Amino acid sequence: SLCSFLDRPLGKALVFARSPPLRLVGMATSSAARRLAVRMAGRVLALLVLALSMAPARAFQCAGPRLAAVLAHTARAHTARAHARLSEDSGGGSKSLKAMTMFSNAYTKNTGTFFCSDPSIAAVVIKGLAEHKDELGAPLCPCRHYEDKVAEAKDGFWNCPCTPMRERHECHCMLFLKDDDEFAGDRQEISLEEVASLIASMP
């Protein structure tokens with residue numbers, strides 16, 4: 001049924017909406033941190049759209065053909081927009097997003113860590129790393145507040161993988177999680193298409 005189909009993703013989104021902003025954003029004093037917190041509040045919609053894109057017809061058999069058609073169209077539109085962004089952007093941003101996605105997939109496997117059970121967390125952090133790579137020339141951690149980002153990028157302490165991650169497997173962004181972390185999922189790989197789709201689905 002509609003409720004049973006959406007119960008797990010929506011329930012997960014509601015749990016994350018209450019708890020992880022403090023862990024993910026940390027010092028939410030910068031504009032980037034505040035934007036990240038706001039994006040997390042929109043993940044309920046993002047997960048709904050993602051669920052619809054996977055199985056709109058089966059999910060809404062009980063909701064009536066008109067509602068099913070409208071929501072399925074919305075899901076397809078979000079997916080198309082994500083693919084359009086990938087195909088139209090041939091500049092450095094697209095290359096950096098691809099590079100940071102590939103790096104993240106390799107690093108989880110090399111360190112035995114996992115992505116968050118909510119894939120939108122990984123998508124947002126990877127996007128932030130890619131933006132810093134373009135802006136600063138280094139993948140500076142996007143989940144912290146810096147007085148001087150250029151100086152921090154040159155210093156290297158918070159460049160991903162940051163020193164706490166390399167030394168103690170502590171990821172401030174929740175991108176790389178140990179298997180016993182309550183928010184850890186079971187995935188060690190995320191595709192570039194999925195990253196772009198999740199980003200496009202966020203407000």
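Q: How many cavities of 30 Å³ or more does a search of the whole structure find?
A: Rolling a probe the size of a water molecule over the atoms shows where empty space is left. Here the search finds 3 cavities of 30 Å³ or more. A cavity is a set of points on a 1 Å grid over the protein atoms alone, where a 1.4 Å probe fits but cannot get out. This is a predicted model, in which local features need pLDDT of at least 70, side-chain atom pairs count only at pLDDT 80 or more, and totals for chains, interfaces and linings use all residues. Residues are numbered from 1 along each chain as its sequence is written, and side-chain values use heavy atoms, without hydrogens or water.

Q: What volume does the largest cavity have, and which residues are closest to its centre?
A: The volume of the largest cavity is about 90 Å³, counted as the space filled by probe spheres set on grid points joined across faces, edges and corners. It is lined by 14 residues (an atom within 4 Å of a point). Closest to the centre are Cys141, Cys160, Cys162, Cys171 and Cys173. The lining has 13 nonpolar residues, 1 polar and no charged. Nonpolar here covers Ala, Val, Leu, Ile, Met, Phe, Trp, Tyr, Cys and Pro; Asp, Glu, Lys and Arg are charged, and the others, Gly among them, are polar.

Q: What is the mean pLDDT of the protein chain?
A: Where pLDDT is low, the predicted coordinates should not be read in detail. The chain has a mean pLDDT (the predictor's confidence in each residue, from 0 to 100) of 74. Of its residues, 54% reach 70 or more. Residues 47-63 fall below 50, and this stretch has 24 contacts (heavy atoms within 4.5 Å) beyond near neighbours in sequence. Residues 87-92 are also below 50, with 3 such contacts in the model.

Q: How many helices and strands make up the secondary structure?
A: The protein chain has 11 helices and 0 strands. Both are DSSP runs, numbered from the N terminus: helices are H or I of at least four residues, strands E of at least two. Among contacts between residues at least 6 apart in sequence, 69% join residues at least 24 apart.

Q: Is α11 mostly covered or uncovered?
A: It is mostly covered: 9 of its 10 residues are buried. Buried means under 20% relative accessible area, exposed over 50%, partly exposed in between (1.4 Å probe, protein chains only). The buried residues of α11 include Leu192, Glu194 and Val195. Across the 203 residues of the chain, 45% count as buried.

Q: How many residues does the largest nonpolar core have?
A: It has 29. A nonpolar core joins buried Ala, Val, Leu, Ile, Met, Phe, Trp, Tyr and Cys residues through side-chain atoms within 4.5 Å. Those with the most contacts inside the largest core are Leu97, Ile126, Leu175, Phe176, Ile190 and Val195. Helices α7 (92-111), α8 (119-136) and α11 (192-201) each supply at least two residues. The most come from α8, with 7. Apart from this core lies another, of 6 residues, among them Cys116, Ile121, Met174 and Leu177.

Q: What does Leu175 touch, and which residues is Thr101 in contact with?
A: Leaving out residues up to four places away in sequence, Leu175 touches Phe114, Ile126 and Leu129, among others. Thr101 sits in helix α7. At 2% relative accessibility, Thr101 is buried. Beyond neighbours within four places in sequence, Thr101 is in contact with Ile126, Ile190, Ser191, Leu192 and Val195.

Q: Where do His169 and Met174 lie?
A: His169 is in the loop between α10 (163-168) and α11. Met174 also belongs to the loop between α10 and α11. Most residues other than glycine have a negative phi, and most peptide bonds are trans. Yet phi of His169 is positive, near 60°. Met174 has a positive phi too, about 65°. Met174 is buried, at 1% relative accessible area, whereas His169 is partly exposed, at 29%. Past its neighbours within four places in sequence, His169 is in contact with Thr111, Thr113, Pro164 and Lys178. His169 and Gly112 are 57 residues apart in sequence but 9.8 Å apart in space, C-alpha to C-alpha.

Q: Is the peptide bond from Cys160 to Pro161 cis or trans?
A: The bond is cis, with omega near 0°. Pro161 lies in the loop between α9 (149-155) and α10. Its partner Cys160 is one of the residues closest to the centre of the largest cavity.

How values were computed. 1 Å grid on protein atoms, 1.4 Å probe; cavity = no way out; pocket = protein on both sides within 12 Å on 5 of 7 lines; lining within 4 Å.
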